[in-house]
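Subject: Handover of a structure

Dear colleague,

Please find below the structure that I am passing on to you.

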Amino acid sequence: MQLFFHRFDLRLRHTFTIAHDSRDVQPTLVVELRDGTISGFGEATSNKYYGITIEGMVEALENIRERIESYDLKSPEAFWASVHPFLLNNPFAQCALDEAANDLWAKKKHQKLYEAWGLSAEDIPMTNYTIGIDTVEKMVAKMKELPWPIYKIKLGTADDLAIIKELRKHTDAIFRVDANCAWTADQAIQYSYELKALGVEFIEQPLKADDWKGMKRVFDQSVLPCIADESCIVEADVAKCQGYFHGVNVKLTKCGGLTPARRMIAEAKALGMKTMVGCMNETSVGISAIAHLLPLLDYVDMDGTLLISNDPTSGVTFDYGKVIFAPENGTGAALL
C-alpha cells in the first residue's frame with residue numbers, strides 16, 4: 001500500500017456554535033491508501049477541544065509509514081490492532097487510517113462496505129440536521145433554509161427552553177437537543193418535562209462528562225432518554241454508561257475509527273442501550289464511512305457535509321433525511 005495525505009479547509013455555510021466552541025472554517029485531513037489502481041479513503045478533522053491538529057495527525061502517521069505501507073491488508077481489524085499501539089495518543093489519525101483501510105478492503109472484495117460486513121441496508125435510520133446556537137431568528141432561518149424531518153438543536157444558553165418553544169412554532173419535525181455538557185442535573189430533570197411536551201425525542205450529553213453522580217439522578221428522574229457523547233469516548237466507556245445513560249453516541253474520530261465503533265455499538269446493544277453515531281463538520285469521505293454503520297444504529301447524526309459549502313469529495317447523498325448510498329463499492333467516497 002501507498003500512503004497519501006490530502007488537506008482541506010472546509011468553509012461552513014453558517015458560523016457553527018456549540019456550548020464550548022464557535023468556528024467558520026474546519027480543517028480536515030483525508031488519508032488515502034492506494035494499492036495499485038484502487039484507493040481507499042478515510043478522514044479526520046482537527047479538534048481544539050481534544051487538542052488534535054492536522055500536523056499532529058500527519059506526524060503520527062508518518063512515524064509509522066513503513067509499517068503501514070508494508071502491511072498486507074487482509075483484515076481491517078487486524079490492521080487496526082497492528083497500528084494501534086503506535087497511535088494510542090492520536091485516535092483521530094487512527095480513525096482516518098481505519099476508514100481508508102475498510103474502504104480499500106471492501107473495494108478489493110468488489111462489495112459495498114456494509115455488504116462486506118454481512119449487513120443489509122434495507123431498514124436504516126434517517127439523519128437529523130443540526131442547528132447550531134445562534135439568535136432565535138437565525139436558528140429559525142436555518143430551519144427554513146433546509147426543511148428536514150429531524151433537527152438536532154444545540155443548546156447551552158440562558159434561554160434554552162425559550163429557543164425550543166420558538167422553533168416549535170415553525171415546524172412539526174422531531175427535535176433532538178444537545179446541551180454539550182452545559183446543564184446541571186436539576187436543569188436537565190426540570191427541562192425534560194417541558195422538552196417532552198415540545199416534541200423532543202431525547203437529550204444528548206446534558207451534564208459535564210465526569211458528573212456521574214448528577215447523571216444518575218437525571219437517568220432516574222428525566223422523562224426523556226439521555227444519550228452519552230462526551231461521557232462515551234472509547235470502548236471502555238460504554239459499560240460505564242450503563243445505568244447512567246439510555247444510549248451512547250459513538251464518534252469515529254474519538255474512538256479510533258470504524259473498527260472500535262462496531263465493537264462499541266455491539267456492546268451497547270448487549271447492555272440494552274440505544275445506539276447512535278455522530279459526525280464532525282467533515283467531507284463526504286467521513287460521512288460515507290458512517291453510512292455503512294446505519295444498519296446497526298437506532299439514531300444517526302451524519303449531516304456534516306450539509307453544513308459545509310465546499311465539499312471536495314463525493315459519496316453518500318441525502319433526500320429529506322434519507323441516506324442514499326453512492327453506487328461505488330467500499331464506502332463510496334472519492335476525491336473530486
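Predicted model: local features only at pLDDT ≥ 70, side-chain atom pairs only at ≥ 80, totals over all residues.

Eight strands make up an open sheet with parallel pairing, and their order is β4-β5-β6-β7-β8-β9-β10-β11. At its edges lie β4 (129-131) and β11 (299-300), each of which pairs on one side only. Within the sheet, β9 (residues 247-251) and β10 (residues 274-278) are joined in the parallel sense over five bridges, and N249 is found opposite M276 in β10. Helix α7 packs on this sheet, where it touches β5, β6 (174-178) and β7 (200-204). The direction of α7 makes about 160 degrees with that of β6.

The helix pair

Helix α7 (residues 160-168) also packs with helix α8 (residues 185-197), at an angle of about 5 degrees and with the axes 11 Å apart. Because angles under 35 degrees count as roughly parallel, α7 is roughly parallel to α8. On the α7 side the contact involves L161, I164 and K165, which meet Y191, E194 and L195 in α8. By class, this contact has four nonpolar, no polar and two charged residues.

The largest pocket

The largest pocket holds about 470 Å³ of space. Its lining consists of 30 residues, and those closest to the centre are F16, I18, R23, N47 and M280. Strands β1 (2-18), β2 (21-35) and β5 (150-154) each supply at least two residues of this lining, with β2 giving the most, five residues. The lining divides into nine nonpolar, nine polar and twelve charged residues.

The cavities

There are two cavities of 30 Å³ or more. The largest has a volume of about 90 Å³, and its lining includes F16, Y129, K142 and L307. By class, the lining of the largest cavity has five nonpolar, four polar and two charged residues.

The second largest cavity has a volume of about 50 Å³. Among the residues lining the second largest cavity are E99, K251, C279, M280 and I290. Helices α11 (252-255) and α13 (284-291) each give two or more residues to this lining, which divides into four nonpolar, three polar and three charged residues.

Yours sincerely

Key. Residues numbered from 1 in each chain as written. Heavy atoms only, no water. 1 Å grid on protein atoms, 1.4 Å probe; cavity = no way out; pocket = protein on both sides within 12 Å on 5 of 7 lines; lining within 4 Å. Points joined across faces, edges and corners; volume = space filled by probe spheres on them. Helix = DSSP H or I, 4+ residues; strand = E, 2+ residues; numbered from the N terminus. Nonpolar A, V, L, I, M, F, W, Y, C, P; charged D, E, K, R; others polar. Axes fitted to C-alpha atoms, helices over the stretch in contact; angles between N-to-C directions. Parallel < 35°, antiparallel > 145°, perpendicular 65-115°, else oblique. Contact = heavy atoms within 4.5 Å. Pairing = 2+ DSSP bridges.
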